[in-house]
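Here is a short briefing to read with the model open beside you.

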Amino acid sequence: MPGLKVILLGPPGAGKGTQAARVSDKLGVTRVSSGDLFRGHQQKDTELGRLARSYMERGALVPDEVTIKMLMAWVKDPRQAQGFVIDGFPRTLTQAEALDTELANSGGIDKVLHIHVSDEELIRRLSGRLICRQCQTPFHSEFSPPAEPGKCDNCGGELFQRADDMPEAVLKRIEVYANETKPLVRYYKEKGKLVEINGEGSIEEVGQALIEAIS
Ligand code: AMP
């Protein structure tokens, strides 16, 4: 369904990244992850990357002003005119309002898929997560370990634990989600855009529920 503009909303560890790839492939639209954009800036060691790092490492949100600017540049690109899936943005009411303003002349967001997962499950998922330094493929030490420890099945790259997946930062990110991002559930519900998705099934089950929600 080209033309559809979708947001994946949910706590860190809900599987937004994995599912954003599946949903955007299914819809045939582009996708973006605000976290990946920031990590890209860090890898290139840009000024924005250096600023973002200081917030990300402790599990805090990067300030709205710079985050909104970065995401709006992506949304405005003509490549996004045929629809898109966004993972990780908006995370505050200010960000949601900025996105609505930007899309006011093109019909706005079509659907916001809220993936919910219990705090206990999030902690288990995040604290075992490993990411490939080269191709960003996620693994999990318990649920989806790589064939060879420390090595990506996909490209052979080195696997590492994100600084913000360390226990202290994980708790902080869950707290920030509850305080800053959870209010968006109500915001989009009142606009009639919200669909609730149980995020505790398998990747396939959750993916199926998401696809049904937008079909
Ligand atoms: P993620 O990969 O989505 O878990 O994002 C990793 C980190 O990037 C977050 O913990 C924040 O520090 C930062 N970040 C990503 N998206 C946003 C956003 N929309 N607003 C503020 N900070 C963000």
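Pro167, Glu168, Leu171 and Asn179 are exposed residues on the face of α7 turned away from its buried side. Exposed means over 50% relative accessible area, buried under 20%, and partly exposed in between (1.4 Å probe, protein chains only). This is a predicted model, in which local features need pLDDT of at least 70 and side-chain atom pairs count only at pLDDT 80 or more, while totals for chains, interfaces and linings use all residues. Residues are numbered from 1 along each chain as its sequence is written, and side-chain values use heavy atoms, with hydrogens and water left out.

**More on α7**

- The buried residues of α7 are Ala169, Val170, Arg173, Ile174, Val176, Tyr177 and Thr181.
- Seen down the axis of α7, these buried residues fall within an arc of 160°, so they line one face of the helix; the arc is that of the directions from the helix axis to the C-beta atoms.
- As background, an α-helix has 3.6 residues a turn, so residues three or four places apart point the same way.
- Helix α7 covers residues 167-181, and its 15 residues should span 21 Å at 1.5 Å a residue, which agrees with the 20 Å between its end C-alpha atoms. The expected span is 1.5 Å times one less than the number of residues.
- Helices (H or I, at least four residues) and strands (E, at least two) are DSSP runs, numbered from the N terminus.

**The ligand site**

- The ligand is surrounded by 16 residues, and the closest are Ser34, Arg39, Ala60, Gly88 and Gln95. A residue counts as near if one of its heavy atoms lies within 4 Å.
- Helix α2 (residues 34-44) gives the largest share of this shell, four residues.
- Sorted by class, the shell has six nonpolar, five polar and five charged residues. Here Ala, Val, Leu, Ile, Met, Phe, Trp, Tyr, Cys and Pro count as nonpolar, Asp, Glu, Lys and Arg as charged, and the others, Gly among them, as polar.
- Which arginine side chains have a polar atom by a ligand oxygen? Arg39 has one at 2.8 Å from an oxygen atom of the ligand, Arg162 has an N or O atom at 3.3 Å from one, and for Arg173 the distance is 3.2 Å.
- Taken alone, the ligand exposes 480 Å², and the protein buries 96% of that. Accessible areas come from the Shrake-Rupley method with a 1.4 Å probe; for residues, only the protein chains shown count as cover.

**Loop residues worth a look**

- For context, most residues other than glycine have a negative phi, and most peptide bonds are trans.
- The peptide bond from Phe89 to Pro90 is cis, with omega near -5°. Pro90 sits in the loop between β3 and α5 (93-102) and counts as buried, at 2% relative accessibility.
- Asp45 is not a glycine, yet has a positive phi of about 55°. Asp45 belongs to the loop between α2 and α3 (47-56), and at 44% relative accessibility Asp45 is partly exposed.
- Gln136, also not a glycine, has a positive phi of about 70°. Its loop runs between β5 (129-132) and β6 (138-140), and Gln136 is partly exposed at 34%.
- Gln80 lies in the loop between α4 (64-76) and β3 (84-87). Is Gln80 buried or exposed? At 5% relative accessibility, Gln80 counts as buried, and its side chain reaches the backbone oxygen of Trp74 at 2.7 Å.

Key
Polar contact = N/O pair within 3.5 Å; in protein donor to acceptor, adjacent residues only side chain to side chain.
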